[in-house]
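User: I am new to reading protein models. Please take me through this one, feature by feature.

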Amino acid sequence: MSFSDSEGSSHGAGGEYKTFRQVSRERLLYEMVRSSKTGDSRSSWKVLIMDKVTVKVMSCSCKMADITDEGVSLVEDLFRRRQPLPSMDAIYFIQPSKENIVMFLSDMSGREPLYKKAFVYFSSPIPKELVSRIKNDTSVLPRIGALREMNLEYFSMDSQGYVTDQERALEDLFGEDVENSRKFETCLNVMATRIATVFASLKEFPSVRYRAAKSLDSSTMTTFRDLVPTKLAAAVWNFISTYKSSIPNFPQTETCELLILDRSVDQIAPVIHEWTYDAMCHDLLDMDGNKYVHEIPSKTGGQPEKKEVLLEDHDPVWLELRHAHIADASERLHEKMTSFVSKNKAAQLQQRDGSEISTRDLQKMVQALPQYNEQMEKLSLHVEIAGKINKIIREMGLRELGQLEQDIVFGDAGTKEIINFFRTKQDANVENKLRLLMIYASVYPEKFEGDKALKLMQLAKLSCEDMKAVQNMRTLEGENARKTSTGGFSLKFDAHKRKHAARKDRTGEEETWQLFRFYPVLEELIEKLSKAELPKDEYQCMNEPSPMANEGKRGSQSVSAMANQPSAAPHSMRSRRTATWAKPRHSDDGYSSDSVLKNAASDFKKMGQRIFIFIIGGATRSELRVCHKLTTKLRREVVLGSSSIDDPPQYITKLKLLSEKELSLDGIRI
């Protein structure tokens, strides 16, 4: 990925568009590492010292080569025994905790400090008592070159997605007996701190909206779980309100929108089979995060060698295909491979069997070979992955299962169809049967009253442990989940539809591929938010935006028109231009045609105010895809945050952990 080397290019309206991930990278490299090059230390190498959290923050935004290019020769762990380097300066990027401050002071105090000078950057706001502790150490104070709050403690997982890295958030915030517990307060505070640093980094001042706890009548009580989004919104607002006075050039009026939700807003999205290339890779393949391991032929002719690859933004093929339907991705990969072989000189020459090669052809082949190898390797990788996914789809009968899942969601199938599936597909994968039952339970909650749940469990041949996931899903949704239409959805359907449905078909949406009908609730919520149509009683606001701030929500055209006026609406202190990256590009090599990165800077449109979404308890890949889709549609960058990004198996495991009590077959009530 190419980035501008100019620090100023990430600010103002004139620079190339930078996603918040790029802004994060440039803040870390330029505002922190590069700015430490002062005076006689400008040409010298530095040591970079981080803790467990900040090393992950750094690795999510920067590569080791980026850090080395800025003069860092050594990266160290704060809590490991380190060799004294008294001739070198050190950059500390650490959390502002008591333990970290003690370690830092130990390094730099006394007659023989570990480093010549220390440049200290904190990932989040530092308490006053810790600042006093540093200032009171008279031997350390002269050795400090910088002491700053970076306010950057989130983990960018995508150009438009980040996590607070709290895998146990669902359990800590929604589990049994968490009310007034220490783990609840700790989890909520860490989450709020890290969310707030997103706005500090982007210099955005949000209007903070949240899904409000709501009782429809006196018979339904507001539960502690209902209040989690409210509590988080208040905590985030407390942090952000202090930025107005503590961060230079921080906006004083609203520049963007933040909507805080919890996982109960949509219980179907985390378990339904999502048919995009990205979701299928993470759902069906044994991947570790974005890491995929595959075998390549040995160069020495021995056993195949295992190679790790990262499916991330730097791969243009992945960038183009990740949100495509798996069938579409497979077709396009075949076309790319065919086009590449037909247009690449080296590929053509390699196909010649025994025919004589001219000196001119040989020279062209040698010149093209390195590029050919790299490009063919990437294409071959994705052809292999898509082939593996399609094989699993066939072997597990996922097309039929996927059709039933979507029919249930859209009200075209019900009890009869699900009973028939469990009876005729008894050898189906246990996890797939559980996921189907969870979708069914969400759409037909009344079918899980009394002993009905037990009968369905026996029919599907599921264990009590499996059913715990269904029970906890229902508990998470709450008593009035079915009474309130999530996100203002109407449950009135055409006469040919069944009365039960969790979604209605989207008008004006082209359904190009089969099984591409499903969409997460988040899609409609974001559209309603963009139009200022979210019900205020269901989605309340911590700070009512000022009239000027509201002007920026009217669309990109009005924003562009106001840009040249002295009274333009407040906007982020950082550039907000975006590329029309959704449009495929074509070139002659059959490969780089889709390298969005090469064209991003030159092909952009002015955007409206950013929209930030945060989902407590884990987000899904379908929800991340929706944010990319709506960025183009609404011409407003949509950034998704969550405590974690969960694939279906991970989410089901987390649901089971919500309660440790064993289920009794004698009295299951879900």
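User: What should I know about the model itself?
Analyst: This is a predicted model, where local features need pLDDT of at least 70, side-chain atom pairs count only at pLDDT 80 or more, and totals for chains, interfaces and linings use all residues. Residues are numbered from 1 along each chain as its sequence is written, and side-chain values use heavy atoms, with hydrogens and water left out.

User: What is the average pLDDT of the chain?
Analyst: First the term: pLDDT is the predictor's confidence in each residue, from 0 to 100. The chain averages 80, and 76% of the residues score at least 70. Over residues 480–498 the pLDDT stays under 50. The model has 43 contacts for that stretch beyond four places in sequence; contact means heavy atoms within 4.5 Å. Residues 575–604 are also below 50 in pLDDT, with 78 contacts beyond near neighbours in sequence.

User: How many helices and strands does the chain have?
Analyst: Both are DSSP runs, numbered from the N terminus: helices are H or I with at least four residues, strands are E with at least two. The chain has 24 helices and 16 strands.

User: What percentage of the residues count as buried?
Analyst: Buried means under 20% relative accessible area, exposed over 50%, and partly exposed in between, with a 1.4 Å probe and protein chains only. Of the 670 residues, 56% count as buried. As for contacts between residues at least 6 apart in sequence, 79% join residues at least 24 apart.

User: Which residues of helix H15 are buried?
Analyst: Start with the general idea. An α-helix has 3.6 residues a turn, so residues three or four places apart point the same way. Now H15, residues 415–424: its buried residues are Ile418, Phe421 and Phe422. Seen down the axis of H15, they fall within an arc of 95°, so they line one face of the helix. The arc is that of the directions from the helix axis to the C-beta atoms. Lys416 and Arg423, on the other side of H15, are exposed. The cover over the buried residues of H15 includes helices H14 (398–409), H16 (430–443) and H17 (452–460).

User: Where does Leu48 lie, and what does it touch?
Analyst: Leu48 lies in strand E1, residues 46–50. Leu48 is buried, at a relative accessible area of 0%. Beyond four places in sequence, Leu48 touches several residues, among them Met58, Ile67, Val72 and Phe93. Leu48 and Val72 are 24 residues apart along the chain, and their C-alpha atoms are separated by 6.4 Å.

User: Is Arg82 buried or exposed?
Analyst: Arg82 counts as buried, at 9% relative accessibility. Arg82 sits in the loop between strand E2 (72–77) and strand E3 (89–94). Leaving aside neighbours within four places in sequence, the contacts of Arg82 include Glu76, Asp77 and Asp107. From C-alpha to C-alpha, Arg82 and Asp107 are 9.3 Å apart, and 25 residues apart in sequence.

User: How do I read aromatic pairs?
Analyst: A pair of aromatic rings is described by the distance of the centres and the angle of the planes. Rings of Phe, Tyr and Trp (its six-membered ring) pair if their centres lie within 6.5 Å; planes under 30 degrees apart count as stacked, over 60 as edge-to-face and the rest as tilted. The whole structure has 13 aromatic pairs. In one of them, the rings of Tyr277 and Trp318 have centres 5.6 Å apart and planes at 55°, so the pair is tilted. Tyr277 is in helix H9 (residues 277–284) and Trp318 in helix H10 (residues 316–321), 41 residues apart. Both Tyr277 and Trp318 are buried. Phe205, Trp237, Tyr243 and Phe250 form one aromatic cluster.

User: How many disulfides are there?
Analyst: A disulfide is a covalent bond between the sulfur atoms of two cysteines. The rule used is a pair of cysteine sulfur atoms within 2.5 Å. By this rule the count is zero.
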